[in-house]
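These are my notes from going through one structure. I wrote down what I looked up and what I found.

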Amino acid sequence: MPPLRVHRFTALGGPCALHVQADGDEAVRAGEAEVLRIETKYSRYRDDSIVSRINTAAGTEAVEVDDETAALLDYAATAYEQSGGLFDITSGVLRRAWDFKAQRVPAQAEIDALLPLIGWHRVTWSRPYLRLPQAGMQIDFGGFGKEYAADRVAAVLAAHGVRHGLVDLSGDIHVVGPHADGSPWQIGVQHPRAGGAIATVPLVRGAIASSGDYERGFVRDGRRYSHILDPRSGWPVDGLAAVSVLADQCLIAGTAATCAMLLGAERGPAWLAALGLPYLIVDAQLRLGGSIARS
Amino acid sequence: MKNDERRTRPAAAGPSLSALTAAALALPGLAQAQVETDLLYSRYEEADLPGSREANGQDSERYEIDTYLFRLAAPLGDQAFVANVTYETLSGASPWYVQPRQPGVDDTPVQVMSGASIREQRTDVQLSWALPLAGIDWGVTLGYSTEDDYRATSGGIEFEYTPQGVAHTISGGIGYSYDKIEPERGASSPDVIAEADKDSLSAFAGVSWVLNAKTVLQTAISYGLHDGFLSDPYKRAYVADGPTLVADSRPGEREQFTVSARLRRYLSGIGAALHADYRFYRDDWDIEAHTLELAWHQMLAESWRLTPSLRWYSQSQASFYAPYYQSLRSDGLASSDYRLSPYGAVAVRVDLRKALPGDWEIGGGAEWYEADGSYAIDTVEVENPGLVEFLILNLRLGKRF
């Protein structure tokens, strides 16, 4: 039986690990190459990326996009609809006001100035042409690019004959298949306030994605400022500490987890239950809830 | 397109997984549609009828059914096709009629079994197609079933819809079935009817309520209407005044109503779920029935799942039923079928499933069922001697591609 190997690298802003039971390293090299392809293509830091081209053209002309980008924009449009406008790939401009590294709380006026630039409903999307109507508007794929990459890498590994493996892109996980003996991968769900896992979820296939107020957030004057910003108010959401969702695609798991965080403690769980996907929530008092079987 | 109209949409409480899935599967390389196949073998074996309840005083073997089921589920984009093919062999003796043990001396009803051993085969094909359309999940089903003496053709449409801004799902459906029987003649049925048929219509409506993050309540009502030959051509009823045997004869129409509630409670801390189901049934033959079922789904380490369950059932009798008749009813109806008699039943079931390497899954289960007058809500004064006790064992093998 081939050995279980772990291939680690850093991409998409975090640690990546490909766990595979396979001979040779062809599969993991192809997997890493796929992550780097997506990072390069959709990075907002690279002038030659499709995202930069669209953002640079804001307020001027429409940009024609390729099929893969068009399918991602269609997905973003669907997620916007299904979340009632909470999942919005134009909300990244809020970074101009929110500097999570500097841990600075912006003035309301700074946020108010940005809100007119936010809203997928303002965008003209007529496949394959996308136009941002106002200068200063931006889109970015940060809200779902990593999850999409996890799904793509899982497909690449499977195409290379990997039947037992797991893709972990900074905690967004897609399981290619169980361990060789059929037993599930034990996925640790990040504790939002401490190191280590708050729960372990056994997974044989499919994906799990998590969203939490612990990622890049900060505490100032006793208040926690999460990096998850409500596109309608421009302010961080509060209510839930973390959400993890299981789905066939990491893309959908990630979208669902983000939407639940945005909806908060009161409406998030009901929204997830209505969606019909297994999930795990950690509320502000660090109580666990949800429908995932775990240990 | 301009998306201005979306601005006014309320923040979602009723998201559609199928819409997200359809958009995700349109992405290159993400359509990992998996074909699922299952093979199920099940053995149903009725316990011997004890001699104390039989007219000839001897233990009698009853029915046995071997069932082989093959299931194929194939997703295609956001649609899905499912085919179920069932092959069954049925054999053994079944209740024929009920008579007093010693007419005029001992009135205790005892069972007379059909003499000839019945051996039959049944093949059943069910096809279904699921597709999302206009924000609603639709399902279309077609079925055909054939036995030596019986053919049934059925079809149905159902839907499931989650309105925006609410935490509940609405579902409904209608179905139709045409059944035709051409009974065989045998030692215990020399004078059966040549052929007969019936039409059945069914409809249901349900609402699934998300009560909180861990609790879902499903409520439903259903209606059924059967029209045509609803008797059992192989059964007889005993009339003491004759003394004579008359053909089993039931009304030509039957209306059925059910109300049901199913509670699903996740106990995520211990990797379990509690299912509690209740169903109330009433028909215009005056049968009222209650079913209560409790099931505990327990995830165990290493992909094992154990599901013990307990079911209780109680029904009142059909208005025209009697174990046997002193004289023929004025309306001519007569049936001694234990399924129309007053009784209660308990069933205990255990299922175990385990995932294996290579996308295989195996499972097995056992169910023991016993019908008895003492399990009924109301006191059963005269119990039908043909009440059944059975054991079901099943094995399941599944594979995903």
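**Chain B as a whole**

I began with burial in chain B: 41% of its 401 residues count as buried. The model is a predicted one, so I treat each value as computed from that prediction.

Next I looked up the secondary structure of chain B and found 1 helix and 20 strands.

I then checked the surface. Chain B exposes about 19900 Å², and carbon and sulfur atoms supply 59% of that area.

Residues 24 or more positions apart account for 58% of them.

I turned to a helix pair. Two packed helices are described by the angle between their axes and the distance between the axes.

How do the axes of helix 1 and helix 5 of chain A cross? Helix 1 covers residues 26–42 and helix 5 covers residues 145–159. Their axes come within 9 Å and cross at roughly 150°. Angles over 145 degrees count as roughly antiparallel, so helix 1 of chain A is roughly antiparallel to helix 5 of chain A. I also noted that the crossing is right-handed.

I listed the residues that make the contact. From helix 1 of chain A they include A:Ala27, A:Gly31, A:Glu34 and A:Ile38. From helix 5 of chain A they include A:Gly145, A:Tyr148, A:Arg152 and A:Leu157. The residues of this contact divide into 10 nonpolar, 2 polar and 3 charged.

**Backbone exceptions**

For the backbone I kept one rule in mind: most residues other than glycine have a negative phi, and most peptide bonds are trans.

Which residues does a cis peptide bond join? I found A:Arg127 and A:Pro128, with omega about 5°. A:Pro128 is in the loop between strand 4 (124–126) and strand 5 (129–131) of chain A.

I then looked up positive phi values. A:Leu286 is not a glycine, yet its phi is about 65°. A:Leu286 lies in the loop between strand 14 (279–283) and strand 15 (288–290) of chain A. With a relative accessible area of 32%, A:Leu286 is partly exposed.

B:Asp286 is not a glycine either, and its phi is positive at about 80°. The loop that holds B:Asp286 runs between strand 15 (272–283) and strand 16 (288–300) of chain B. B:Asp286 has a relative accessible area of 40% and is partly exposed.

Note on methods. Residues numbered from 1 in each chain as written. Chains lettered and ligands numbered in written order. Predicted model: local features only at pLDDT ≥ 70, side-chain atom pairs only at ≥ 80, totals over all residues. Heavy atoms only, no water. Axes fitted to C-alpha atoms, helices over the stretch in contact; angles between N-to-C directions. Helix = DSSP H or I, 4+ residues; strand = E, 2+ residues; numbered from the N terminus. Parallel < 35°, antiparallel > 145°, perpendicular 65-115°, else oblique. Left-handed = near helix turned anticlockwise from the far one by under 90°. Contact = heavy atoms within 4.5 Å. Nonpolar A, V, L, I, M, F, W, Y, C, P; charged D, E, K, R; others polar. Buried < 20%, exposed > 50% of the residue type's maximum accessible area, 1.4 Å probe, protein only. Areas by Shrake-Rupley, 256 points an atom, 1.4 Å probe, with all protein chains shown as cover.
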